[in-house]
Every structure is written in C-alpha cells, then in structure tokens.
Amino acid sequence: MRVVLVLVLLLAIVSVAASAQPGVTLQLFQFRPAQLEVKAGTRVTWTNQDDIEHTVTAGTPERRDGRFDTRLPAKGATATVEFKEPGVYPYFCDRHQSMRGEIRVR
Ligand SMILES: [Cu+2]
C-alpha cells in the first residue's frame, strides 16, 4: 500500500516537471522574476496577476525592438513567446514604463 502511494506521488511529480514552462508573473507592477535565463528554443509564458492591464513589449521605452508586443488586459491573462536565438531580450510594460524585465537566452 505504501509503495503504491510513493509511486503515485513520483508520477505526479514527473508529470508536473514535464509540463512546467518557465514563466514570469506580473504582480504589483513588477515582473517576477525580473530576469529569467532559459535555453534557446524555450517558450516563456507571462501571467498577469494584477486587476489592471499590463503589456509585455520588447525592447526599452526608448528603443522598442518590435520582436513582441502583447497586451495582458486582466487578471489571468497570459502571453507566450518562443525564444529561438541566444541573446539578451529586454522588455517592459508600455502602460507602466518603470516595469522592466529581461530574458537571457543561452
Ligand atoms: Cu503595466
């Protein structure tokens, strides 16, 4: 009985790990984590946890680079971007330009 329970728990952990995607949460006017490092080819998902609209806009307010620009209109909204090429990808929120983040792709 105990062995079965352990097996079930192990399977549950494995399936969570397999489906886990690296992610950034938008909460209290911050990207968390503000800096995220991933491997090339990774899909990164942003999730809005605030009750107001944020955006995930590539570049900086001074220099947008146009790679991605997505609105997250309300709590629970998500956006996913695939990062194929290694590099450093800064981004910000176009409605609150002090909100800054960075994806580092290895
Ligand atoms: Cu915002």
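Guide: Helices (H or I, at least four residues) and strands (E, at least two) are DSSP runs, numbered from the N terminus. This is a predicted model, in which local features need pLDDT of at least 70, side-chain atom pairs count only at pLDDT 80 or more, and totals for chains, interfaces and linings use all residues. Residues are numbered from 1 along each chain as its sequence is written.

Visitor: How many helices and strands are there in the protein?

Guide: The protein has one helix and nine strands, and their pattern along the sequence is α-β-β-β-β-β-β-β-β-β.

Visitor: In what order do the strands of the open sheet stand?

Guide: Strands of a sheet pair through backbone hydrogen bonds, either parallel or antiparallel. Two strands count as paired if DSSP finds at least two bridges between them. Here five strands form an open sheet, ordered β3-β9-β8-β5-β6, with mixed pairing. Strands β3 (35–38) and β6 (64–72) stand at the edges with a single partner strand each, so one side of each lacks a neighbour in the sheet. Strand β5 (residues 54–59) runs antiparallel to β6, and five bridges join them. Within this pair, Gly59 stands opposite Arg64 in β6.

Visitor: Is Trp46 buried or exposed?

Guide: A residue is buried if 20 or more other C-beta atoms, placed from the backbone, lie within 10 Å of its own, exposed if 12 or fewer, and partly exposed in between. Trp46 counts as buried because it has 22 C-beta neighbours inside 10 Å. Trp46 lies in strand β4 (residues 42–48). Of the 106 residues of the protein, 16% count as buried.
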